[in-house]
Amino acid sequence: MSMDDSTPTADAPRMPAPRVREFAAQSVGGGFALASALVGLLLGAVIIASAAAFTAGGGKAALIGGGILVVLASFVAMSGLNTVAPGEARVVQLFGRYKGTIRQDGLRWVNPFTSREEISTRVRNHETAVLKTNDAYGNPIELAAVVVWKVEDTAQAVFEVDDFLEFVATQTEAAVRHIAIEYPYDAHDEDDLSLRGNSAEITEKLAVELHARVEAAGVQIIESRFTHLAYAPEIASAMLQRQQAGAVVAARRQIVDGAVGMVEAALDRIAERDIVELDSERKAAMVSNLLVVLCGDRAPQPVLNTGSLYQ
């Protein structure tokens, strides 16, 4: 997907449109070219050797000169041979102009006066160092990410940026820091996104921003994941207490919700079976006793009531 066709997010940077795009270079099979060059070398050697049969100085010099030229031309032709392995490409330039890319593996031959730069198109990993930054609430956090990527457009990787390896590393760190300051580590509101609670959504946003940042270099982002996410050591203990308090409150809330449901079911069952008729005061006492039993931390101690509730 090209930068012109993509729709980057509002926070993603707008990179300049690429001035050059990859296309296939004109090349031929290297086997025929190698055989022709070897024949030329043999022919040049034969011509030089046959010069010994001439006694005249002019003819002998001409044969020797012609043989040397044939040998030199064969050597020049052999310099156009390239061995391309799977997962590699050659960016071809002729006097500073881009003449295409060789992606077909095997032995290929191109214009020997061109320069060929080797580019790896294999899948690569880049793991950032542990970065320390602030989240959306201003809390210091530590995080790191790993990005799986590969070169998609070799022409852009060579001509659009100075060093595409360094470019990917720098832009990855910038994207990770930007995502970190946009979202909190833990959201106060359950509906808000957080780095810890919504890792899938945050990872997707990180991949979108990375794609927008490195697409100008002809790089394709395959996957991105956070490998480290934690509060900074200076506030880790305080935040752990906060998380534990939140967990206790959530557990208490769940216990109370369950206890209320059980009390409601008990009152409905008593009324349905007409076991005993309870007025408002007796219902309040029953509800109070059941909630104490169900929500208490310790086992209840039974108390026998030998009197009446109204005395």
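I looked up the pairing of β3 (88-94) with β4 (97-102) and found it antiparallel, over 5 bridges. Helices (H or I, at least four residues) and strands (E, at least two) are DSSP runs, numbered from the N terminus; two strands pair if DSSP finds at least two bridges between them. This is a predicted model, in which I take local features at pLDDT of at least 70 and side-chain atom pairs at pLDDT 80 or more, while totals for chains, interfaces and linings use all residues. Residues are numbered from 1 along each chain as its sequence is written, and side-chain values use heavy atoms, without hydrogens and water.

Within this pair, I noted that Val91 stands opposite Thr101 in β4.

I then traced the sheet: it is open, has 3 strands in the order β4-β3-β6, and pairs antiparallel. Its edge strands are β4 and β6 (115-120), each pairing on one side only.

Phe95 has a positive phi of about 55°, although it is not a glycine. Is Phe95 buried or exposed? I record Phe95 as exposed because its relative accessibility is 74%; buried means under 20% relative accessible area, exposed over 50%, and partly exposed in between (1.4 Å probe, protein chains only).

For the whole chain, I counted 7 helices and 10 strands. Buried residues make up 33% of its 311 residues. Of the contacts (heavy atoms within 4.5 Å) between residues at least 6 apart in sequence, 70% join residues at least 24 apart.
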